[in-house]
Amino acid sequence: MGRAKIKKKSTFIDMTAMSDVTVLLLTFFMLTSTFVKKEPVQVTTPSSVSEIKIPETNILQILVDPNGKVFMSLDKQSDMRDVLEAMGQEYGVEFTPAQVQKFGIAPTFGVPMKLMKQYLDLPQDKQDAELKNLGIPCDSIDNQFKSWVRHARAVNSDLRIAIKADAKTPYSVIKNVMNSLQDLRENRYNLITSLKTTSEE
């Protein structure tokens, strides 16, 4: 008796639907993701068990590096421009419209006012290299940090303050920042930390 012939089925799989789903997922993640701001210094935040998230808008972030240098950032470009112009009036520094525009798109700032004009005239790559060596003065003789916070609050009364400091930053530096905030009656602020894992306990 002859062997029955089995029809060979095609191994072709139509991948059109799979590629459509992949493109849709990729588009979704691209549109819903938020970009992390470029920071002048690398900061390793201390760990905590708190899972409270800070809001994404109306944030004044204070960045403190391990050497005690202070940097700041605002999430709205209009706020950045208004604060710079207010600081210029206080310190007698006049900025060109191009300098104000350039400051408005900066992700982070941290330059003494006497160097601000020269800093804003630098190309972007040189600005990044210079910024990490500077920082906002926050000492008892010249506390420009307080002026920045005061003007930022005047420009946007809904601002939430968040402090992001390195785990190795000396406590005296953080205390100085907090004392400056208390002098301005800014007693509510968030401390940005990383989530503590079970292995760290």
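Trainee: What ground rules apply here?
Mentor: This is a predicted model, so local features need pLDDT of at least 70, side-chain atom pairs count only at pLDDT 80 or more, and totals for chains, interfaces and linings use all residues. Residues are numbered from 1 along each chain as its sequence is written, and side-chain values use heavy atoms, with hydrogens and water left out.

Trainee: How many salt bridges turn up in the whole structure?
Mentor: The search finds 2. The criterion is a side-chain nitrogen of Lys or Arg within 4 Å of a carboxyl oxygen of Asp or Glu. Arginine 150 pairs with glutamate 90, with the closest N and O atoms 3.0 Å apart. That pair links distant parts of the chain, helix 6 (residues 144-155) and helix 2 (residues 77-91), 60 residues apart.

Trainee: What about lysine 146, which partner does it meet?
Mentor: Aspartate 183, at 3.3 Å from N to O. Lysine 146 sits in helix 6 and aspartate 183 in helix 7 (residues 171-183), 37 residues apart.

Trainee: Is aspartate 183 buried or exposed?
Mentor: Exposed, at 53% relative accessible area. Buried means under 20%, exposed over 50%, partly exposed in between (1.4 Å probe, protein chains only). Lysine 146 is partly exposed at 23%.

Trainee: Switching to rings. How many aromatic pairs are there?
Mentor: The search finds 3. One of them is phenylalanine 103 with phenylalanine 109, tilted, 5.1 Å centre to centre and 50° between the planes. Rings of Phe, Tyr and Trp (its six-membered ring) pair if their centres lie within 6.5 Å; planes under 30 degrees apart are stacked, over 60 edge-to-face, the rest tilted.

Trainee: Which ring does tryptophan 148 pair with?
Mentor: Phenylalanine 109, also tilted, at 4.6 Å and 45°. Phenylalanine 109 lies in the loop between helix 3 (97-104) and helix 4 (113-121), and tryptophan 148 in helix 6. Phe103, Phe109 and Trp148 form one aromatic cluster.

Trainee: Is tryptophan 148 buried or exposed?
Mentor: Buried, at 1%. Phenylalanine 103 is buried at 2%, and phenylalanine 109 is buried at 2%.

How values were computed:
Helices (H or I, at least four residues) and strands (E, at least two) are DSSP runs, numbered from the N terminus.
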